[in-house]
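Subject: Handing over a structure

Dear colleague,

I am passing on to you the structure shown below, together with an account of what was found in it. Please keep the structure open beside the text as you read.

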Amino acid sequence: MLQIEHVNKQFSTRILLKDATAHLRPHTRTGLVGPNGSGKTTLLRMILGEDSPDEGTIRKRPKLKIGYLPQELETLAGKTVLDAAHRDLYPEHEAKRILAGLGFAQQDFERPIEALSGGYRMRVALAHLLLSEPDVLMLDEPTNHLDKPTQKWFEDFLVNSNMTILVISHDTKFLDRIATHIWELRHHQIQEYRGTYTNFEHQRSERDTHEQLAANRQQKEVARVQKFIDRFRYQANKASQVQSRIKQVEKVKLIEIKRDQRRVRFKFPLPAASGRQVIELSHVAKSYGETVVYADLNFSIERGQRISLVGENGAGKSTLLKMLAGVLPFEKGTRTIGHGVTLHYFAQHQAETLNSEHTVLESLEEVSTVAERNFLRGLAGAFLFSGPDQKKPIKALSGGERNRVALARMLVEPANTLLLDEPTNHLDPASVDVLTDALTDFPGTIVFISHDPTFLMRVSTRVVEIDDGKAREFHGDYEYYLWKRAQELESIKESSEDLRPTAAQQRTQKSGKNTAPPPKPASGNQTGPAGPNGSNRRDLTKSRDRLDKQVTQAEKEIAEMEERIKARDQELADPVLYQKFSRWNELHHEQEKWKKDLDRLTARWSDLSQELEDAKKKLAG
């Protein structure tokens, strides 16, 4: 279907591909991975014919129909969402089905394209691509703007389609769910693997291990032969043997172990601390035309919190972050900034604001007139821009590299409060790890939006869910939020199951006969099982009993954790242990983790206790 043969590609002194070869097979779903700037988007552009190899060939089957979704969209054709989705095509019913799957409601179909956010415009373009049914579908970071339900629908659509897919994605869980093959751009070549992303990581590790072992064996053999040559080089009776071994060494093709880019750690500059109250929004109202996003929002942030804003696309997360940052006005209400608060705001498309003609280093110099160049060079290096790369113009960088520059610019001048909208978009896994480590070590306050569950799990200490114009607090980390939401869904499921008709009732309904006794006339207070309130009381009783058990279990877990922490305190107080600092440090860090677990358990117990109290009041009433 599509063959890449011995392709070379270079920009100035920067080599992207060198003798790269790969074969895209029909009906496969291939994930294209590699570090930012390794040439992934360039490879897609060469397949499309928008760019060409310096050497080598890309062969395509005659009349091959290719669909392409880029990272950044051009202007969409069509006046409304529905027009743009099925332009030049005629399956309007199918267009509505796909648009609905991508998160559009019926009333959205006639909305003008200009009224959509960047994320929703991307979905319209994606809908058009899926409707056009190309032979090969090429996608560049398609999940960046998809919420969980929409991404699940999209994954199912891809898996059930008959299209051949080549997709660039840094979302490893997405690749695990849809990929049948992985192409890795590594050391300027394309290395092919069969299976999911997890399988690829395992196979790559095995390949690297075998390669290292083979190189070690080769080095030992070459060293052994060289030792013979050096020992007998000047002995006439060994001359022929020495010459034979010299030729043997000259013919050896040495196995070259190429090292991956070294992982760099960086820390945010230490800012001056703010007051306890950081930002507060009070009775805020915000609308876009006739669409009311918030009618009466109250939201506050305290020093040291790392708050993740979660919720479906379009719920108002970015709007809230912009209002917190002071870059978006609102119709009524107040915004109060606390004492000593300094802010950095990272917008979802922050990288687009960079001057494309400036170099990486010049882009950092733009945001400060006092920072020394050596400091800026070190900062650029921390974001994986080595010496020569710091002189590259912004226009020559990949999407992920531009995002790294935009993030680095926030660190030139320290701030104690960071407001981040999708900071990991376009970043490869190694860069996400570097950023995650830095944020978890940051002593200030962070409010952020992300669709990356691993990033959410590692960074957030408090979760706020935005839904229907309300900000609902979850006083725990992202893991606690997922547990809490699962508990609520389970409770709803149990309640709905209680209201289902019995098997006998279902048989009666199917037969069309009504064998139920006629309803009794209402007479006074009916609170027994046969009364109209009987099922509600049963639900409440069942809910109360379940909550009672959960509260008891939470109290037991809290007691156990408190005992464990108390015992560790005594262990750490032992003077003998002071002489073994590494062991003391290990035990101390473990205890700190237990304390965080205790905080989470206590928050869980508090919520459960409140729910139990509410259930008891309803039963009593």
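Arg404 is a buried residue, with a relative accessible area of 5%, where buried stands for under 20% relative accessible area, exposed for over 50% and partly exposed for in between, taken with a 1.4 Å probe and protein chains only. Arg404 belongs to helix α12, residues 399-409; helices (H or I, at least four residues) and strands (E, at least two) are DSSP runs, numbered from the N terminus. If neighbours within four places in sequence are left aside, Arg404 is in contact (heavy atoms within 4.5 Å) with Asn36, Phe383, Leu384, Phe385, Leu427, Asp428 and Ser431.

Before going further, please note that this is a predicted model, in which local features need pLDDT of at least 70 and side-chain atom pairs count only at pLDDT 80 or more, while totals for chains, interfaces and linings use all residues. Residues are numbered from 1 along each chain as its sequence is written, and side-chain values use heavy atoms, with hydrogens and water left out.

As for the protein in general, its secondary structure comes to 19 helices and 18 strands, and buried residues make up 43% of its 621 residues. Among the contacts with a separation of 6 or more, 68% are accounted for by residues 24 or more positions apart.

The next topic is the sheet. Six strands form an open sheet in the order β5-β6-β7-β3-β8-β9, with mixed pairing, two strands being counted as paired if DSSP finds at least two bridges between them. At the edges are β5 (66-69) and β9 (189-194), each of which pairs on one side only, and the twist from one strand to the next averages 20°. Strand β3 (residues 29-33) pairs with β7 in the parallel sense over four bridges, and Thr30 has Leu166 in β7 as its bridge partner. Helix α7 lies across β3, β8 (181-186) and β9, and runs at about 115° to β9; here axes are lines fitted to C-alpha atoms, for helices over the stretch in contact, and angles run from 0 to 180 degrees between N-to-C directions.

The largest nonpolar core has 43 residues, and those with the most contacts inside it are Phe104, Leu130, Leu139 and Phe154; such a core is a set of buried Ala, Val, Leu, Ile, Met, Phe, Trp, Tyr and Cys residues joined through side-chain atoms within 4.5 Å. At least two residues of this core are supplied by each of α2 (81-85), α3 (92-101), α4 (118-132), β6 (136-140), α5 (148-160), β7 (164-168), α6 (172-178) and α7 (197-232), and the largest share, nine residues, comes from α4. Leu130, with its neighbours within four places in sequence left aside, is in contact with Ile98, Leu137, Trp153, Phe154, Phe157 and Met163. Another core, of 39 residues, lies apart from it and includes Phe346, Leu435, Leu439 and Phe448.

How do α3 and α5 meet? Their axes come within 9 Å and cross at roughly 130°, which means that α3 is oblique to α5, since angles under 35 degrees count as roughly parallel, over 145 as roughly antiparallel, 65 to 115 as roughly perpendicular and the rest as oblique. In this contact, Arg97, Ile98 and Gly101 in α3 meet Thr150, Trp153 and Phe157 in α5.

Some single residues remain. Glu133 is found in the loop between α4 and β6, has a phi near 45°, a positive value in a residue other than glycine, and counts as exposed at 62% relative accessibility. His283, in strand β10 (residues 277-288), likewise has a positive phi, near 50°, but is partly exposed, with a relative accessible area of 43%. In helix α1 (residues 40-48), Lys40, Thr42, Leu43, Leu44, Met46 and Ile47 are buried, and α1 is followed by Gly49, whose phi is positive, near 90°. Lastly, Ser543 lies in helix α17 (residues 534-572) and is buried, with a relative accessible area of 18%; Ser543 and Lys616 are 73 residues apart in sequence and 9.6 Å apart in space, C-alpha to C-alpha.

With kind regards
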